[in-house]
Each structure stands twice: as structure tokens, then as C-alpha cells.
Amino acid sequence: MKFHTVEVEGVEALGRYVLLRYPWSGAIEPGQFTMARAAGYPTTFDPFLARPFSFYDHDGETASLLFEVRGRGTQLLAGAKETIEVSRPLGKGFRVGEENGRSLLLGGGVGVAPFKFLSRRLDELGVEHDVVLGFVDEGVAGVAEDFPRAKVATMDGSLGVRGTVLDAVGDLSEYSAIYACGPNAMLAAVKKAANGIELCQLSVEERMGCGNGSCNGCVVPTKARGLVRSCIEGPVFDAEVLAW
Ligand SMILES: Cc1cc2nc3c(=O)[nH]c(=O)nc-3n(C[C@H](O)[C@H](O)[C@H](O)COP(=O)(O)OP(=O)(O)OC[C@H]3O[C@@H](n4cnc5c(N)ncnc54)[C@H](O)[C@@H]3O)c2cc1C
Ligand code: FES
């Protein structure tokens, strides 16, 4: 995997998440991801592997990532001051332009990340849509302020609707397309609830070692083809393809 050293244009807190911006003028599709690390070999082996992150936004010149600090990789990225290393945009993003009516974007936890960019793309295409973001509690939901028209759900009811993103949505049947990103349990529930809706695309967040198809660490079960690598064939899949 080729890494590009890019300048850090800014790192700021967005609620309890971190927003990191860097220059990137190449094309990026909503739902694609990058493998990123604060620094790599030969400067350091700490950590050895870069980490996958969805693109939060891209205006043609600047790309941004939104992440939660979980362990060593995100801790170092959050503290990056001058440069970081990123791969080119990877994977298959959301297919847009096939909607046949109103669309619904459902993000859970850090799975809200791809929806800033996707929502802007749908606006550009004139596709009417609603955004619903789900969080554990109000503390992590601070990022929702960056999505002015989003409806919010929290599991403990401390902000917005109590419960999951699905509890915050009225009638799913009014939508022609659903886009969702979050933990597998959430995606499986969305898939079940979306049964019968024309277009349902799910972005999975499997652990990734390499991001380029060489380690088989990111496989997901599919109905027709067994296990497939989500870094190459995803991370966005049509819901009916997945075997869960
Ligand atoms: C395609 C894709 C897109 C992603 N986009 C984002 C994003 O936009 N923002 C964001 O914050 N995170 C995103 N993630 C998850 C992110 O990659 C991990 O949080 C990150 O790798 C953690 O690295 P770390 O070194 O800080 O933590 P580690 O030290 O590697 O792990 C710390 C803890 O986090 C858990 N963890 C690590 N990776 C994952 C994962 N993929 N799913 C669930 N738990 C995990 C570990 O089990 C451990 O408990 C994405 C993952 C994928 C596969
Ligand atoms: S992350 Fe290595 S094969 Fe997908």
C-alpha cells in the first residue's frame, strides 16, 4: 500500500469525536475510506498498521475524517500536528442517483461519519432525504450539531428520541432508498426493517489490517459467494447480498 504524507490542516473536537482535515484534491466518493496513521515505517512501527476511516467530507480540495479515540492509532492521529500518512481513497462507496423518491440516511456511533458527505452529494443531485443519527448518550451525540437537520436518537434518552435510529424513524415504507452505517447489529436490524424497500445499502465496519485485499482480516459473509473482503468489495454492500 502506498501512503501519502499530507499536511494536517486542522484537528478539532466535535463533541467527543475528533475532526481532522488534510488536503486532498483527487476524487473521493461518499462511503469510501482511507487507511490513515500518524506516522509509519521507517519513522516508527508504533502502531504497525494504519487504521481505516470513512471520509467525513470532501470539498474537492480538503478531505476530513471524523473519529473516536479508541486506542493507540486514533490517539496518535488526534495528536498529529504537522503531517499524517494516508492511502488513496479505497473501497466501494454508496451508489447514488438510483433513488426513486425520498431517501433515509441512518448512522450509528462513528457510523455517522460518511453521512455528512453523502447528504451533501444527495443535495447536489436534488434527492430529498432525511438523516437520523444514533448514539449511546448525549455525551457522544455532540457531533450531531454538525448535521443541522438530523434527527437524533440516544439509547438512554438523554438527547432526542430514546432508543435506536429505527425507533426515531416513522414509517420506513415512505422511503425508496436507505443508506446505513454502524455496528453490525444495527445494520442487521436496518436490513430486516427495510425488507421490501427498493434500495438498501449498508456500510460495514469490520476490523481491517491492510485495506488492500491482502490479509483477509475484513471478511463478511455473503449469500452467494461465501466470505468476501469488505475492503475490496465493500465497505458498502447491497443489503440483500449480506448473509445476516
Ligand atoms: C471501513 C471502515 C470505516 C471506519 N470509519 C470510521 C470513522 O469514520 N470513524 C471512526 O471513529 N472509526 C471508524 N472506523 C473504525 C476505526 O477504524 C477504529 O476505531 C480504529 O481502527 C481504532 O484504532 P485504534 O488504534 O485507535 O484502536 P485499537 O487499539 O486498534 O482498538 C481499540 C478498541 O477499539 C476496537 N475497535 C477497533 N477497530 C474497530 C472496528 N472496526 N469496529 C469496532 N471496534 C473496533 C477494538 O476492539 C478495541 O477494543 C472504521 C472502520 C472501518 C472498517
Ligand atoms: S483489510 Fe486486509 S483483506 Fe481487507
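How many bridges join β9 to strand β13, and in which sense do they run? I found five bridges between β9 and β13 (residues 177–181), and the two strands run parallel. Two strands count as paired if DSSP finds at least two bridges between them.

Before going on, I noted the ground rules: this is a predicted model, where local features need pLDDT of at least 70, side-chain atom pairs count only at pLDDT 80 or more, and totals for chains, interfaces and linings use all residues. Residues are numbered from 1 along each chain as its sequence is written, while chains are lettered from A and ligands numbered from 1 in the order in which they are written.

**Entry: strand β9**

I looked at the other partner of β9 next. Six bridges join β9 to β10 (residues 129–135), and this pair also runs parallel. The chain gets from β9 to β10 through helix α2 (residues 115–125), in a β-α-β crossover that is right-handed; that is, with the strands pointing away from the viewer, the path from the first strand over the helix to the second runs clockwise.

Is β9 buried or exposed? Six of the six residues of β9 (residues 103–108) are buried, so this strand is largely enclosed by the rest of the structure. I call a residue buried if 20 or more other C-beta atoms lie within 10 Å of its own, exposed if 12 or fewer, and partly exposed in between, with C-beta atoms placed from the backbone. S103, L105 and G107 point one way from β9, and L104, L106 and G108 the other way.

**Entry: helix α2**

In α2, I listed F115, K116, F117, L118, S119 and L122 as buried. The buried residues of α2 pack against β6 (57–58), β9, β10 and β13, where contact means C-beta atoms, placed from the backbone, within 7 Å. Just after α2, G126 takes a positive phi of about 75 degrees.

**Entry: strand β14**

I followed β13 onwards. β13 and β14 pair in the parallel sense over five bridges, with A180 opposite L202 in β14. Helix α4 (residues 184–193) carries the chain from β13 to β14, and this β-α-β crossover is right-handed. On β14 I also found three bridges to β17 (residues 236–238), and that pair runs antiparallel. The bridge partner of L202 in β17 is F237. Five of the five residues of β14 (residues 199–203) are buried: L199, Q201 and S203 on one side, C200 and L202 on the other.

**Entry: ligand 1**

Which residues are closest to ligand 1? I counted 21 residues around ligand 1, the closest being F67, G71, G73, T74 and A113; a residue is near if its C-beta atom, placed from the backbone, lies within 6 Å. β5 (51–54), β7 (62–67) and α1 (72–78) each give two or more residues to this shell, and β5 gives the most, with four. The shell divides into 10 nonpolar, four polar and seven charged residues. Ala, Val, Leu, Ile, Met, Phe, Trp, Tyr, Cys and Pro count as nonpolar, Asp, Glu, Lys and Arg as charged, and the others, Gly among them, as polar.

**Entry: the two domains**

The chain is divided into domain 1 (4–86) and domain 2 (103–205), with bounds from an automatic or database domain assignment. Their centres, taken over C-alpha atoms, are separated by 23 Å. The contact takes 14 residues from each of domain 1 and domain 2. On the domain 1 side, β6 and β7 give two or more residues. I also noted that the shell around ligand 1 draws at least three residues from each domain.

**Entry: R37**

Last, I checked R37, which is in strand β4 (residues 33–37). R37 counts as buried because it has 23 C-beta neighbours inside 10 Å. Leaving aside neighbours within four places in sequence, R37 is in contact with P47, A50, R51, G73, I84 and E85.

Notes
Two residues are in contact if their C-beta atoms, placed from the backbone, lie within 7 Å.
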